[in-house]
Amino acid sequence: RRFQSPRYLGNANGNDVILGIVLANGLVFGAWHLSKQNRDLHIFLRKHFILSPYGVFQEKRIHTLVTSFFSHFDPFHFIGNMFVFYSFGQSTLPLLGTARFLSLYFGGGIVSSICQLAWPFFVPKNWPASYENHRFAPGLGASGAVSAVVMYNILTFPREMVHFFGVLPVPAALFGLGFIAMDVYGLYTGGQHGNAAHLGGAVFGAGMFAFMRR
């Protein structure tokens, strides 16, 4: 599918914008692995590219609400997020134009960071997750920002076929519902998969979709 839109920011090429975001994530990913041999770099990255309640509330590193969603340490986490972002971003950016697409990515990322910070303080005490969610646990990754892009795309093309794990074709709407169900279950049971961040990004994507359809 090809789309045309007059709403690009300046002369920016849509694919260049997507690749620029992938490159920015890639540079931080590379820095993490260089930091294995550089203690000062490792300390810098831990301070400025990881999200934590202690960092935000005690040390006032508000910028980590943004920098953390350009940050990956695990190769599979990085590759998975960037593959999904590139796949869905290519058909989402032309619908919105560059400025609104960046608003979707950054807005989804910021909302996901806030949700990730807040959820451990609100999880019901009788849920299994209350034993797993440490209030000062750090987090990183673009999953929430990517979830916003994916949700906007799925709501726009609910009948589009998505290849689950690159193999099994399923309708986009079913694909989205499946991942939402997994994250809701993860909120209940606990774990280290950023479920609150994923859902926060998805809700932002859905909200932007509704706003754009007014």
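Ser68 sits in the loop that runs between α4 (64-67) and α5 (75-96). In this predicted model, Ser68 has a relative accessible area of 3%, so it counts as buried, the cut-off being under 20%. What does Ser68 touch, leaving aside residues up to four places away in sequence? Its contacts are Phe49, Ile50, Leu51, Ser113, Gly139, Leu140 and Gly141.

Step along to Phe69 and the story turns to rings. Phe69 is buried too, at 1% relative accessibility. The whole structure holds 16 aromatic pairs, and one of them joins Phe69 to Phe106: the ring centres are 5.9 Å apart and the planes meet at 75 degrees, so this is an edge-to-face pair. It bridges distant parts of the chain, with Phe69 in the loop between α4 and α5 and Phe106 in helix α6 (residues 98-122), 37 residues apart. Phe106 itself is partly exposed, at 30% relative accessibility.

Now look at another pair, Trp127 with Tyr188. Here the centres lie 5.3 Å apart with planes at 65 degrees, so the pair is again edge-to-face. Trp127 is in the loop between α6 and α7 (143-156) and Tyr188 in helix α8 (residues 172-189), so the pair ties together parts 61 residues apart in sequence. Trp127 is partly exposed at 26% relative accessibility, and Tyr188 is partly exposed at 38%.

Last stop: Pro53, in helix α3 (residues 53-58). Pro53 is buried at 4% relative accessibility. Its C-alpha atom is 9.3 Å from that of Gln116, 63 residues away along the chain.

Key. Residues are numbered from 1 along each chain as its sequence is written. This is a predicted model: local features need pLDDT of at least 70, side-chain atom pairs count only at pLDDT 80 or more; totals for chains, interfaces and linings use all residues. Side-chain values use heavy atoms; hydrogens and water are left out. Helices (H or I, at least four residues) and strands (E, at least two) are DSSP runs, numbered from the N terminus. Buried means under 20% relative accessible area, exposed over 50%, partly exposed in between (1.4 Å probe, protein chains only). Contact means heavy atoms within 4.5 Å. Rings of Phe, Tyr and Trp (its six-membered ring) pair if their centres lie within 6.5 Å; planes under 30 degrees apart count as stacked, over 60 as edge-to-face and the rest as tilted.
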